[in-house]
Amino acid sequence: HVRQLYALVSETLRYDSVLEKLLDGAALLQAEKKLPPQLAKVLVYDLLFGKGLKCGGRWKALARRHRARLEAELARMKVRHKVSRNEDLLAPEQAVSPAGEWARAGWAPCAGSSGGLCLTCPAPAASQVPRYVRVNTLKTCVDDVIDFFKRQGYTYLGKAASVEELKALSGKKFLLDLHLPELLVFPSQTDLHDNLLYTSGHIILQDKASCLPAFLLGPVAGSHVIDACAAPGNKTSHLAAILKNKGQIFAFDVDPKRVATMNTLLTRAGVTGCQLAQQDFLTVDPRDPKYSRVTHILLDPSCSGSGMVTRGPGQEAAPSAERLQALAGFQRRVLNHALSFPALRRLVYSTCSLHQEENEDVVQAVLQEWGSAFRLVTAFPSWPCRGLAAFSGAESCLRASPAETLTHGFFVAVLERCREGAVTPSSLPAAAKENPQPGQGTEPGAAPKKRKKKKQRVK
């Protein structure tokens, strides 16, 4: 049972900060002075979040004596944080992938490898990845957020010129990201969960790589958009900000609790014009008149989550070949389904996986099935990490990794419908073409323009 024991310890470490608060709130260590704190955490994790204490002996009996008190404290924590699921108590970077699977298989591809995973090259620890903060332009603007943090004693260093500058951040210093125009970058250990801007929905704590799909989809205001696998909702709120709350978003997730959590997040972010549905996207009828105007789809389906950086001291083995094939089969089905919406013009397919089977192989297989109906767009030409050379044109896709881009591991492919006689599609999302950044032509990633109309200011 070594694997089960390892899994229990790993999950206890992941919930460490939550368990600390539970133990303090329930006063368990004060009541049981002989109970070692680390053992208490393991027992409480297994009692409340795990399989209900399969162990025996006096420790099991001791923990069960305090079960009611611990459950009550857990319920109070959820109410305070306005969440419905245990995992929503975790910080975003500790939480699950959109697939609902914990992504701690932190293997990184070796430079010069043929796209396989090198088991001798673990991904960098979370401490090496900065804290990314997306400004929610539905409620405020970049300039106002920068001013707010400066008033709180932070030092603004301007727009970053390189990834090395992000890596060198320390103390209470922050930068504007060099690629994404509404993304601020802080040192990795910066905790903003209690900050007024976060609790009021003016900023979203979201990894840079996770911001790429909505940014590259870039629908113009007024568009009808589908977020096919939407929970927990950060990408949905990003889409709403890009649309300026003008248009319609249809967001789907099959899990009722995740939909409830997403509804809370979107409300806090000031999102309107979004229809949430507790529904498997594969059961949505593309011919339903409701979706006749859907021109853009963001598809971030269930995946192995192998690109997420490690947060604990240990690592899990890579998923089995059978698991990867099962995931890839699902991903091909859902991508094929998304492409069948009749008015679709542009689609972004993304995963937080490092595996070629879930990324380039899925895109290649689906494009072959559709023939000349869709083609790959060269996504974000200035982005340094490109798709693996699995097929001709795969370099149009982009990848992200802790080592090269200081983000979680990620994969993004942009597909556009072909038209007869059409020239090669633009690499830019429509929203970026509509509002090119100053001094950069139509290249994404320039500094944001000054806004003429101020959003509400947080004092």
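Visitor: Which residues are linked with D16 in a network of salt bridges?

Guide: In this predicted model, D16 belongs to a network of salt bridges with E20 and K41.

Visitor: What makes the contact of E20 and K41 a salt bridge?

Guide: The cut-off is a Lys or Arg side-chain nitrogen within 4 Å of a carboxyl oxygen of Asp or Glu. The side chains of E20 and K41 meet at 2.7 Å, N to O, so the pair counts as a salt bridge. E20 sits in helix α2 (residues 16–26) and K41 in helix α4 (residues 37–48), so the pair ties together parts 21 residues apart in sequence.

Visitor: Are E20 and K41 buried or partly exposed, and how do you know that?

Guide: Buried means under 20% relative accessible area, exposed means over 50%, and partly exposed is in between. E20 has a relative accessible area of 34%, so E20 is partly exposed. K41 has 4%, so K41 is buried.

Visitor: How many salt bridges does the structure hold?

Guide: The structure holds 11 salt bridges. One of them joins R76 and E73, at 2.8 Å, N to O. Both of these residues lie in helix α6 (residues 67–81), 3 residues apart, about one turn of the helix. E73 is called buried because its value is 6%, under 20%.

Visitor: Why is the contact of D300 with K235 called a salt bridge?

Guide: The closest N and O atoms of D300 and K235 are 3.7 Å apart. That is within 4 Å, so the contact qualifies. D300 lies in the loop between β9 and α13 (321–339) and K235 in helix α11, so this pair ties together parts 65 residues apart in sequence. Both D300 and K235 are buried.

Visitor: Why is strand β9 called largely enclosed?

Guide: In β9 (residues 294–299), 6 of the 6 residues are buried, so the strand is largely enclosed by the rest of the structure.

Visitor: How do you know that β9 pairs with β10?

Guide: Pairing needs at least two bridges between the strands. β9 and β10 have 4, so they count as paired, in the parallel sense. Within this pairing, H296 has R346 of β10 as its bridge partner. Strand β6 (residues 224–227) is also joined to β9 by 4 bridges, and these strands run parallel. There, V225 has H296 as its bridge partner in β9.

Visitor: Where is C352, and why is it called buried?

Guide: C352 is found in the loop between β10 (346–351) and α14 (360–370). Its relative accessible area is 1%, under 20%, so C352 is buried. An unreviewed UniProt entry places the feature "active site" at C352.

Visitor: Which residues have the most contacts inside the largest nonpolar core?

Guide: They are L166, L212, L216, F380 and L398, in a core of 51 residues. Helix α10 (208–217) is among the elements that supply at least two residues each. The largest share, 7 residues, comes from α10. Domain 2 (131–205) and domain 3 (217–310 + 320–417) each give this core at least three residues. Not counting residues up to four places away in sequence, L212 touches L180, F380, W383, L398 and V412. A second, separate core has 33 residues, including I226, L339, V362 and L415.

Note on methods:
Residues are numbered from 1 along each chain as its sequence is written. This is a predicted model: local features need pLDDT of at least 70, side-chain atom pairs count only at pLDDT 80 or more; totals for chains, interfaces and linings use all residues. Side-chain values use heavy atoms; hydrogens and water are left out. UniProt positions are given in the numbering used here, feature names are shortened, and annotations may be inferred rather than shown by experiment. Buried means under 20% relative accessible area, exposed over 50%, partly exposed in between (1.4 Å probe, protein chains only). A nonpolar core is a set of buried Ala, Val, Leu, Ile, Met, Phe, Trp, Tyr and Cys residues joined through side-chain atoms within 4.5 Å. Domain bounds come from an automatic or database domain assignment. Contact means heavy atoms within 4.5 Å.
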